[in-house]
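Biologist: Before we discuss this protein, could you put its sequence and structure up for us both?

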Amino acid sequence: MKQLIETIVKPLVDHPGDVQVDKDEQHHRVTYKLSVNPEDMGKVIGKQGRVAKAIRTIVYSAAGSRHGKKVYLDIVD
């Protein structure tokens, strides 16, 4: 899943080397924390959050049957 997020985000940003995805797994949920260069934050979020929403939709649908755990994607400052 981390590779999927990186594959989606890296072509969108100017500093692909700064893209980092961390995984935080708890009992009933998995949270992926995406951090990018501050200059690229607007590109990842998009106008009115449309790009971020599209990324989350892809991640949620790809992880739909992941052992009954809820999957979240947080974009971290």
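Predicted model: local features only at pLDDT ≥ 70, side-chain atom pairs only at ≥ 80, totals over all residues.

Biologist: Which residues have the most contacts inside the largest nonpolar core?

Modeller: Residues are numbered from 1 along each chain as its sequence is written, and side-chain values use heavy atoms, leaving out hydrogens and water. A nonpolar core is a set of buried (under 20% relative accessible area, 1.4 Å probe, protein chains only) Ala, Val, Leu, Ile, Met, Phe, Trp, Tyr and Cys residues joined through side-chain atoms within 4.5 Å. The largest one has 18 residues, and those with the most contacts inside it are Ile5, Val9, Tyr32, Leu34, Val36, Val44 and Leu73.

Biologist: Which elements give two or more residues to this core?

Modeller: Helices (H or I, at least four residues) and strands (E, at least two) are DSSP runs, numbered from the N terminus. By that naming, the elements that give two or more residues are α1 (2–9), β2, α2, α3 (50–62) and β3.

Biologist: Why is one side of β1 and of β3 left without a neighbour in the sheet?

Modeller: Two strands pair if DSSP finds at least two bridges between them, and here three strands form an open sheet of mixed pairing in the order β1-β2-β3. One side of β1 (20–25) and of β3 is left without a neighbour because each stands at an edge, with a single partner strand.

Biologist: How many bridges join β1 to β2?

Modeller: Strand β2 covers residues 29–35 and runs antiparallel to β1. Asp24 stands opposite Thr31 in β2, and the number of bridges joining β1 to β2 is six.

Technical notes: Buried < 20%, exposed > 50% of the residue type's maximum accessible area, 1.4 Å probe, protein only.
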